[in-house]
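Please open the model in your viewer and keep the selection panel at hand.

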Amino acid sequence: MEGTIIKGIGGFYYVKINNDIIECKARGKFRSKGLVPMVGDNVIISIKNDQGAIEDICKRKNQLIRPAVSNVSQAFVVFALKNPEINLELLNKFLLQCEMKNIKSIVCFNKIDLEENFINHEAVKMVESAGYEYVFLNAKKGIGLDKIKDKFKGNVTVFCGPSGVGKSTILNKFVGTELMETGDISEKLKRGKHTTRHSELIEISGGFLVDTPGFSTIELSIKSKESLKEFFPEFFKYDSQCKFNGCMHYKEPGCRIKQALDEGEINNNRYDFYIKTLEEIIKGGKDKW
Ligand SMILES: Nc1nc2c(ncn2[C@@H]2O[C@H](COP(=O)(O)OP(=O)(O)OP(=O)(O)O)[C@@H](O)[C@H]2O)c(=O)[nH]1
Ligand SMILES: [Mg+2]
Ligand SMILES: [Zn+2]
């Protein structure tokens, strides 16, 4: 039987199969291979005397470290239009991280109540120009959340973004309890900040939601400077149109991407971020921000 690990506690894994949740132990053979089952894994299990056993782990599509979840298909990248101000570079880092992990990203611009002219915000123009989906939210009032809910079906979804933007507020609305501490509460309960919580998958609208926000720290794991451009989807339509094969859209003459930049087809902030990241890779040794 095949199912999905939705929770792991003290050596037990809880595997969801259709409408059942089966408590399973992992077989010893995983340990010897250095493979540990994780939340999100699709697994083959057997059941004997009411005790489930994980027999095999299906190949992972991807793997996040914080939270430790595999097979994430979709990320809502949350930023607040104000309080805190959007850091465009950081937003691009989140988008790049999702591309590298093969996760579809949808940007959530939260706190629209604090920014009158939010539609013309620099960040919105940038995200639009790069071709990413985005939604506007007022999480506190629950405005726009239905647009997110529609997208859960068939996905394993994670929320990510910097501190204070409203991730816990949004998750609370979906999970329906005060499971996630919001900023207001954690002020009062400082010691709660260090309690380790294991992530769980929660079934919502025909999909799974990771119940803790993901990667506020970002790992950059690009194998070569040549592959960076593959993670900028707005470059794709100019594929093979540069003068030189293998053009890195950097200092090469006859670059179609730089032409598109001059013509305003490619967003300045996106290109600047691409070059900055490329230079960091060229300088070498940088595998973390
Ligand atoms: N004005 C306004 N405030 C909001 C909105 N959504 C959330 N907030 C407030 O923003 C603050 C931070 O929200 P959180 O949900 O704790 O943010 P977070 O992203 O979980 O932050 P970390 O846990 O530090 O990563 C809280 O005081 C929320 O009440 C919104 O749409 N408008
Ligand atoms: Mg939070
Ligand atoms: Zn080029």
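Residues are numbered from 1 along each chain as its sequence is written, and chains are lettered from A and ligands numbered from 1 in the order in which they are written. This is a predicted model, in which local features need pLDDT of at least 70 and side-chain atom pairs count only at pLDDT 80 or more, while totals for chains, interfaces and linings use all residues, and side-chain values use heavy atoms, with hydrogens and water left out.

**The sheet**

Select the six strands of the open sheet, whose order is β10-β9-β8-β11-β13-β12 with mixed pairing; strands are DSSP runs (E, at least two residues), as helices are (H or I, at least four), numbered from the N terminus, and two strands pair if DSSP finds at least two bridges between them. At the edges are β10 (133-136) and β12 (201-204), each of which pairs on one side only. On average, and with direction ignored, neighbouring strands of this sheet are turned by 30 degrees against each other, where axes are lines fitted to C-alpha atoms (for helices over the stretch in contact) and angles run from 0 to 180 degrees between N-to-C directions.

Now zoom in on β12 and β13 (residues 207-210), which run antiparallel and are joined by four bridges; the bridge partner of I202 in β13 is L209.

**Helices around the sheet**

Helix α3 (residues 122-130) lies across β9 and β10 and runs at about 150 degrees to β10.

Next select helix α5 (residues 167-175), where seven of the nine residues are buried, so that the helix is largely enclosed by the rest of the structure; buried means under 20% relative accessible area, exposed over 50%, and partly exposed in between (1.4 Å probe, protein chains only). The buried residues of α5 are covered by elements including β8, α4 (145-149), β11, β12 and β13. Just after α5, G176 takes a positive phi of about 80 degrees.

**The cores**

Select I45, I54, I86, L91, F109 and L201, the residues with the most contacts inside the largest nonpolar core, which has 46 residues; such a core is a set of buried Ala, Val, Leu, Ile, Met, Phe, Trp, Tyr and Cys residues joined through side-chain atoms within 4.5 Å. Domain 1 (2-59) and domain 2 (64-210) both give residues to this core, so it lies between them; the domain bounds come from an automatic or database domain assignment. Apart from this core lies another, of 22 residues, among them F232, F235, C247 and Y274.

**The aromatic rings**

Finish with F232, F235, Y271, F273 and Y274, which form one aromatic cluster. Rings of Phe, Tyr and Trp (its six-membered ring) pair if their centres lie within 6.5 Å, and planes under 30 degrees apart count as stacked, over 60 as edge-to-face and the rest as tilted. The structure holds 14 aromatic pairs. In one of them, the rings of F232 and Y274 have centres 5.1 Å apart and planes at 80 degrees, so the pair is edge-to-face. This pair links distant parts of the chain, with F232 in the loop between β13 and α7 (256-262) and Y274 in helix α8 (residues 268-283), 42 residues apart. F232 is buried at a relative accessible area of 1%, and Y274 is buried at 0%.

Terms used. Contact means heavy atoms within 4.5 Å.
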